[in-house]
Amino acid sequence: MDRPAGPTTSPFPPPPPVVYIPEPYDSIFNGLRSSSVNCGHWARLPPGVVAPVGFRPDCWEWILGPPLSDPRRWCAAGSIGGAVYVASGVGARYRGDVARRVERWDVKRRRLQWEEVAAMNDGRFSREAVEAVGYKGKLCMVNVKGNAGKEGVVYDVEGDRWEKMAAGMLSRWKGPVGVADEEVMYVVDEEKGAVRKYDDENDRWEEVVDGSELLKGAEQMAVGGGKICVVSGGGRRITVVDVLAEPVKMWAVDPPLPENEVISVHILSRPSKSL
């Protein structure tokens with residue numbers, strides 16, 4: 001394990017005081033260099049995502065997005081092509097139409113509204129808060145986290161339709177998944193601590209790291225700049241994997257607040273030097 005010298009951290013400004021992040025939560029990077037999105041809700045409303053909260057590193061501030069058509073939790077959240085998607089979920093009680101509904105917020109156009117896209121075929125993806133991963137023009141998601149048996153679907157953005165996930169992709173989806181620039185997909189096997197890269201031409205996963213104790217129990221991950229950041233150890237450990245180095249390098253980074261649990265990790269653009 002080779003650890004570079006001199007890692008530093010900078011505190012974020014506090015989020016809007018009126019926003020409460022519930023359990024379960026959804027936290028995603030929206031694919032733009034300028035912002036990430038965390039789904040929270042107004043504290044005075046029933047549990048569920050009411051509106052997304054975004055952070056913009058270019059101006060070092062939080063923004064509040066448009067409200068969803070229905071507050072919901074246990075939903076899938078993801079992004080592709082500069083747009084944020086929220087799929088499935090339940091509100092105060094289960095409703096079939098909400099469990100199948102998919103909505104898109106086009107952040108790139110700065111439109112403060114959600115629009116409905118093709119609905120899912122059923123409501124079986126409202127069981128857990130999961131990430132929908134943007135990959136080569138499609139949004140990929142499974143209905144259960146971790147190493148358990150699961151179903152997988154793929155949303156074709158251009159065709160506005162849902163498809164069954166390829167068998168090879170689904171077979172190794174056994175932990176958190178992240179994508180670099182919407183082109184290169186990685187998975188961290190939470191049981192074996194292995195890192196794999198997806199080969200879409202042959203519908204199979206290639207080994208990048210055979211297995212590491214540091215990566216076992218992986219809960220969250222982010223990909224960017226040739227590196228993968230993995231949260232494990234009950235949210236109290238962050239491991240960086242340099243997948244472009246030969247051989248692959250790996251080192252641990254102390255969380256900014258070791259006494260707190262890390263619930264999400266993102267790789268954002270550097271803030272302006274003037275901030």
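Lys136 is partly exposed, at 37% relative accessibility. Its partner is Asp200, and the two form a salt bridge with the closest N and O atoms 3.1 Å apart. Where do Asp200 and Lys136 lie? Asp200 is in the loop between strand S16 (195-199) and strand S17 (204-209), and Lys136 is in the loop between S10 and S11, so the pair ties together parts that are 64 residues apart in sequence. Asp200 is partly exposed too, at 36% relative accessibility.

One caution before I go on. This is a predicted model.

Now the overall picture. The protein chain has 2 helices and 21 strands. It runs to 275 residues, and 49% of them count as buried. Take the contacts with a separation of 6 or more: residues 24 or more positions apart account for 45% of those. The chain exposes about 13,900 Å². Carbon and sulfur atoms supply 49% of that area.

Next, the inside. In soluble globular proteins, nonpolar side chains tend to be buried together. Here, the largest nonpolar core has 17 residues. Which residues have the most contacts inside it? They are Tyr85, Val102, Met120, Met141, Tyr155 and Trp162. Five strands are on the list of elements that give two or more residues to this core: S6 (76-80), S7 (83-87), S10 (130-135), S11 (138-142) and S12 (152-156). S7 gives the most, with 3 residues.

Look at Trp162 on your screen. Set aside its neighbours within four places in sequence. Trp162 is then in contact with Val102, Ala118, Ala119, Met120, Met141, Val153, Val154 and Tyr155. Val102, Met120, Met141 and Tyr155 are also among the core residues with the most contacts.

Now an arginine. Arg72 sits in the loop between strand S5 (61-64) and S6. Is Arg72 buried or exposed? It is buried, with a relative accessible area of 0%. What does its side chain meet there? Glu103, for one: the two side chains make a polar contact at 2.4 Å. Leaving aside neighbours within four places in sequence, the residues in contact with Arg72 include Gly48, Val49, Val86, Ala87, Val98 and Arg101.

Back to salt bridges. How many does a search of the whole structure find? It finds 18. One of them joins Arg104 and Glu115, with the closest N and O atoms 3.2 Å apart. Arg104 lies in strand S8 (residues 102-106) and Glu115 in strand S9 (residues 115-116), so this pair ties together parts that are 11 residues apart in sequence. Glu115 is partly exposed, with a relative accessible area of 27%.

Then there is Arg161 with Asp156. Their side chains meet in a salt bridge at 3.4 Å, N to O. Arg161 counts as partly exposed, at 42% relative accessibility. Asp156 is buried, with a relative accessible area of 11%.

Last, a network. Which residues are linked in a network of salt bridges? Asp70, Arg95, Asp97, Arg101 and Glu116.

To recap. The chain has 21 strands, and its largest nonpolar core has 17 residues. Arg72 is buried at 0%. The search finds 18 salt bridges, and the one between Asp200 and Lys136 ties together parts 64 residues apart in sequence.

How values were computed
Residues numbered from 1 in each chain as written. Predicted model: local features only at pLDDT ≥ 70, side-chain atom pairs only at ≥ 80, totals over all residues. Heavy atoms only, no water. Helix = DSSP H or I, 4+ residues; strand = E, 2+ residues; numbered from the N terminus. Buried < 20%, exposed > 50% of the residue type's maximum accessible area, 1.4 Å probe, protein only. Contact = heavy atoms within 4.5 Å. Areas by Shrake-Rupley, 256 points an atom, 1.4 Å probe, with all protein chains shown as cover. Core = buried A, V, L, I, M, F, W, Y, C linked by side-chain atoms within 4.5 Å. Polar contact = N/O pair within 3.5 Å; in protein donor to acceptor, adjacent residues only side chain to side chain. Salt bridge = Lys/Arg side-chain N within 4 Å of Asp/Glu carboxyl O.
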